[in-house]
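Please look at the sequence and the model first, and then read the points below.

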Amino acid sequence: MNQFFDQPIPPRIGVEVEKWDLMGPNPQPGVVPLSVADMEFRSPPAIIQALEEMARSGLWGYAGWSDRYYNAIRSWVSRRYGWDIQRDWIIRTTGVVHGLNAAVRAFTNPGDGIVIQTPVYPPFYRAVRDNGRTLLENPLKLVDGRYEMDFDDLEDKLSRPTTTAMILCSPHNPVGRVWTRAELQRVGELCLAHGVFVISDEIHCDLCQPDHPHTVYASLGEEYAKHCVIGMAASKTFSLAGLACGNMIVPDGDNKAKLEAEVARSGAYSNSSFGTLALEVGYEQCEPWVEQLVAYLRENDRCLRDFMAQHFPQVWIAPLEGTYLSWIDFSSFLLDDEALATFLEQEAGLYLSHGINYGGSGFMRLNLACPRGVLTAALERLLAAAQRRGLV
Ligand SMILES: Cc1ncc(COP(=O)(O)O)c(C=O)c1O
């Protein structure tokens, strides 16, 4: 029993939690959703205590601008990723998606081509389309059971005269890749050669497995840093997703001014006071908790793989290098996307994120950030439902 991650979580039906609400008003008793990317784990005790004190105070003014917040981020990224940043590179946003949308508007013009690497987190599609830019897909390719970038196709897309930006998902949601330094360097060389700005979403960077260390795109070199922004947050790391707190880190002064102006134009110029305090305490005090979390996620991944290999050997699961998101190919069930979702939800009580929404027909994304007992119960339900259907 892990003292943090095996704790039972009470059902959260009808209490303003998106992941639970997505199951509808009357989900089957005992079913825990494994979809939206937040965790069924409580935040570290030090964060809970700090937020309890803040809650009890009853005084929740706008978040301030103290050095503490900026120093917590600077120390965290320097310690963990060897990236030394300045306080005035940091722009606070209500979340990384807010920052991505602002970056699209700040660094590209309407109609410009923006490259994304699919399948990918659905708000990337929206950040391009909803801002009136042109979506250019650079599909990832499966090589020997692992997703890789298709650099020939990438160069083709980046070299088009109307392409001005690329949104990088690093580590990648949903395929679970942690891009190597060499891969990122190659992306950077191509982007620099073709004058393409990089918007690098690194929100999952703290959840990489030890044999797959994260490289911050901007840390690759000065030229790379000059032509990019990095999105980061403490929300995935410490179970704070609802606290509306993200950061865009922009090493170049002119770029920083442009993005800051765009964030201001969006009308949401800061982040929440609860999220601010949680980030400070998390980055200052809770690194050992994150180490345990990453190890626990690896065991959940192993548990999923062992079960599936035993009962569903025809189902392929992408190797998990980082994130807590498992990308699973259910195409051997021979169900179309709608029928697959209906089967999993209605017959197996398994609420996953639909791969089709990411650009992956036949796939589902399973959130591994839950107590192991929740995961094994979900897998047992899947097996029983598949047996009833004659799928195994
Ligand atoms: C790649 C990626 N970026 C951003 C987000 C959400 O960030 P925020 O809640 O800070 O807007 C997620 C959440 O799943 C994500 O996977």
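**A covered strand and the overall picture**

Strand E9 (residues 246-249) is covered on both faces: Gly 246 and Met 248 on one side, and Asn 247 and Ile 249 on the other, are all buried. A residue counts as buried if 20 or more other C-beta atoms lie within 10 Å of its own, as exposed if 12 or fewer do, and as partly exposed in between, with C-beta atoms placed from the backbone. In a regular strand the side chains alternate between the two faces of the sheet. This is a predicted model, in which local features need pLDDT of at least 70 and side-chain atom pairs count only at pLDDT 80 or more, while totals for chains, interfaces and linings use all residues. Residues are numbered from 1 along each chain as its sequence is written.

**Partners of strand E9**

- Strand E1 (residues 90-93) pairs with E9 in the antiparallel sense over 4 bridges; two strands pair if DSSP finds at least two bridges between them.
- Across this pairing, Arg 92 has Asn 247 in E9 as its bridge partner.
- Strand E8 (residues 228-232) also runs antiparallel to E9, joined to E9 by 3 bridges.
- Here Ile 230 stands opposite Ile 249 in E9.

**The chain as a whole**

- The protein chain has 14 helices and 13 strands; helices (H or I, at least four residues) and strands (E, at least two) are DSSP runs, numbered from the N terminus.
- The radius of gyration of the protein chain is 21 Å, which agrees with the value near 21 Å for a compact globule of 392 residues; this radius is taken over C-alpha atoms, and the globule rule is 2.2 Å times the number of residues to the power 0.38.
- The C-alpha trace spans about 60 × 55 × 35 Å along its principal axes.
- Of the 392 residues in the protein chain, 48% are buried.
- Among contacts with a separation of 6 or more, 73% link residues 24 or more positions apart; two residues are in contact if their C-beta atoms, placed from the backbone, lie within 7 Å.

**Two domains**

- The domain assignment gives domain 1 (18-43 + 287-389) and domain 2 (61-285); such bounds come from an automatic or database domain assignment.
- The centres of the two domains, taken over C-alpha atoms, are 26 Å apart.
- In domain 1, 26 residues are in contact with 28 residues of domain 2.
- On the side of domain 1 that touches domain 2, helix H12 (287-311) and E11 each supply at least two residues, and the largest share, 4 residues, comes from H12.

**An open sheet**

- An open sheet of 4 strands has the order E10-E11-E13-E12, with antiparallel pairing.
- Its edge strands, E10 (316-317) and E12 (353-354), each pair on one side only.
- Strand E11 (residues 325-329) and strand E13 (residues 363-367) run antiparallel and are joined by 5 bridges, with Leu 325 opposite Asn 367 in E13.

**Around the ligand**

- Of the 13 residues around the ligand, those that come nearest are Ala 37, Gly 95, Val 96, Val 97 and Asn 173; a residue is near a molecule if its C-beta atom, placed from the backbone, lies within 6 Å of it.
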